[in-house]
Amino acid sequence: SVRLSAQGPEYDELHQAVGAFTWIGAAPPASFCLDFEGICVLTTTYSAAIKTHLYGLFLRLSGRAFDLADWRWFGILLVAASLPLFAAGAYPVLGRREIALFFLLLLTDGSLLLLDRFDWGPVALAFLLRLAMIAVWLGGEASDPPRPGNTFALGALAGLATFEKLSSFVLVLALAAMILGDRRRRCRRHLTAGLSGLAVGALPLLLVNLGWLAKNGELISLQNLRGGPRLDAPQLVHELLILGYGGRVREFMLGLSPPQWAEIGEAALVTTLLLLVLFVSLRRDAGPTLRRARIALAAFVAVGAGLWAMPRATWANHWILATPFQYLAIGLALRALPSRETSRAKRVAGLTLTVMVSLWVGLRLVALGSL
C-alpha cells in the first residue's frame, strides 16, 4: 500500500470500476457494462461484474466519491481475506510451519504483489476464489474418505471462477487433477458431485450466454476468443518458472529490468524443487501427504497446459492462474518428509528439499527488498 495512488490509473484496472456508479444513480456505461434491464452483468465479454457490484455497494453505503486508493485497497483486501480462509481449511493437513512457508512464498511473489497492488488484469477476486478452492480441497482431505459434498464445493468454486473471468476455466483442469488424482474421489459419486457443482457454479455464465443469444443471436463468451501471438510451450514453461520473481510485471509497471541472475536463480530453484517433489511423490511408499503433493503438482501442470492451449495471447495476469499450486506442492512435500524419517532416501530428499527451499526463500527476500 506504500504510495498507493502515486502511480496513475491504467485501463486494465479501471474497466471494472465504471459500472459501480450504477449503484449511485448513473446509467450503465455502454463500453464497460453489458447489462440486462439496467443491471451490469459483465464488464467485458469475458469478465463478470462481481467486484464492480461489491465496490458499488461500498460507494452507496459509505457515501464516498470514487477514490483511486480506495479502489486499489479493495483489490488488496480481497487477496488479504483469502489468507485466513486458506489457513482455516489447510491447517488440518499442512500444519503451522508449512502454512507459514506457503504465506512467505506468496508474500514474496513479485508478480502477485504488483498485479494485486493495482488489481491489474484483474487478478484479485480470481485469486481469492482459487485459494478458497485449494482450502476446500485440503479441508476435504482431512476426512477419510472425502465427502461428495466437498467435491461438489470444489466444482462450484471452479465454475464460479470461470464466470468471474473466463480465463479461469483452466481451474476446471485443476479440478480434474484433484478428483482423478485421488482414488477415493475417482468414483461415480464424486464425479457426479464435481460435475454438478461445476454446473451450479457456472450457471450464471450459462444464463448470461442464453440471454445474449436470445437478444443478439450469438453466445457472448465466444466473442474475443482469438488474438495476439501465443507463446510456444517452452516459452510458457520458462515464464511460469520465473513468474514468482515478477520480472515481466516489474518491467511493465515500474520500468525496471530484472537482473538476469535473479531470474536464472528463480527458474533453477523452482525447477529443482518441483522435480524433487515429483520424484518423492511417485515412490511406491509415498504416504497420503506426498500423494496430495503429487496432485497439487499435477494441478500446476494442468493449469499450465490450459494456459498454453488458450486461443488468445496470454500474459502475466493469466500466468498467475498457476499460482499457488506450485507452492502448495512444495509445502506438502516438506510436511511429508521430516528429517527424522527412517527411510534413508526420504531423509536425504527431505534434507535436500529443506536446503533448496531455504535458498529460494533467501533469493525471494533479496528480490522483495529490491522491489
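**Cysteines, cores and a buried lysine**

Modeller: At 3% relative accessibility, Cys 33 counts as buried, where buried means under 20% relative accessible area, exposed over 50% and partly exposed in between, with a 1.4 Å probe and protein chains only. This is a predicted model, in which local features need pLDDT of at least 70 and side-chain atom pairs count only at pLDDT 80 or more, while totals for chains, interfaces and linings use all residues. Residues are numbered from 1 along each chain as its sequence is written, and side-chain values use heavy atoms, with hydrogens and water left out.

Biologist: Which cysteine is Cys 33 joined to?

Modeller: A disulfide, meaning a pair of cysteine sulfur atoms within 2.5 Å, links Cys 33 to Cys 40 with an S to S distance of 2.4 Å. Cys 40 is buried too, at 2% relative accessibility.

Biologist: How many disulfides does a search of the whole structure find?

Modeller: The search finds one. As for another cysteine, Cys 187 has a relative accessible area of 29% and is therefore partly exposed.

Biologist: Changing topic, which residues have the most contacts inside the largest nonpolar core?

Modeller: They are Phe 86, Leu 106, Leu 138, Phe 325 and Leu 328, in a core of 92 residues; such a core is a set of buried Ala, Val, Leu, Ile, Met, Phe, Trp, Tyr and Cys residues joined through side-chain atoms within 4.5 Å. Helix α6 (residues 124–141) gives the largest share of this core, twelve residues, with helices (H or I, at least four residues) and strands (E, at least two) taken as DSSP runs numbered from the N terminus.

Biologist: And what does Phe 86 touch?

Modeller: Leaving out residues up to four places away in sequence, Phe 86 touches Leu 94, Phe 102, Phe 103, Leu 131, Ile 134, Ala 135, Leu 138 and Leu 328, where contact means heavy atoms within 4.5 Å. A second, separate core of nine residues includes Leu 34, Phe 163, Leu 205 and Trp 212.

Biologist: Where does Lys 165 lie?

Modeller: Lys 165 is in the loop between α7 (148–164) and α8 (171–180). Although buried, Lys 165 has no salt bridge, and the nearest side chain of opposite charge, Asp 12, is 5.8 Å away. A salt bridge needs a side-chain nitrogen of Lys or Arg within 4 Å of a carboxyl oxygen of Asp or Glu; for charge, Lys and Arg count as positive and Asp and Glu as negative, with His and the chain ends not counted.

Biologist: What about the chain as a whole?

Modeller: The chain has 17 helices and three strands, and 53% of its 371 residues count as buried.
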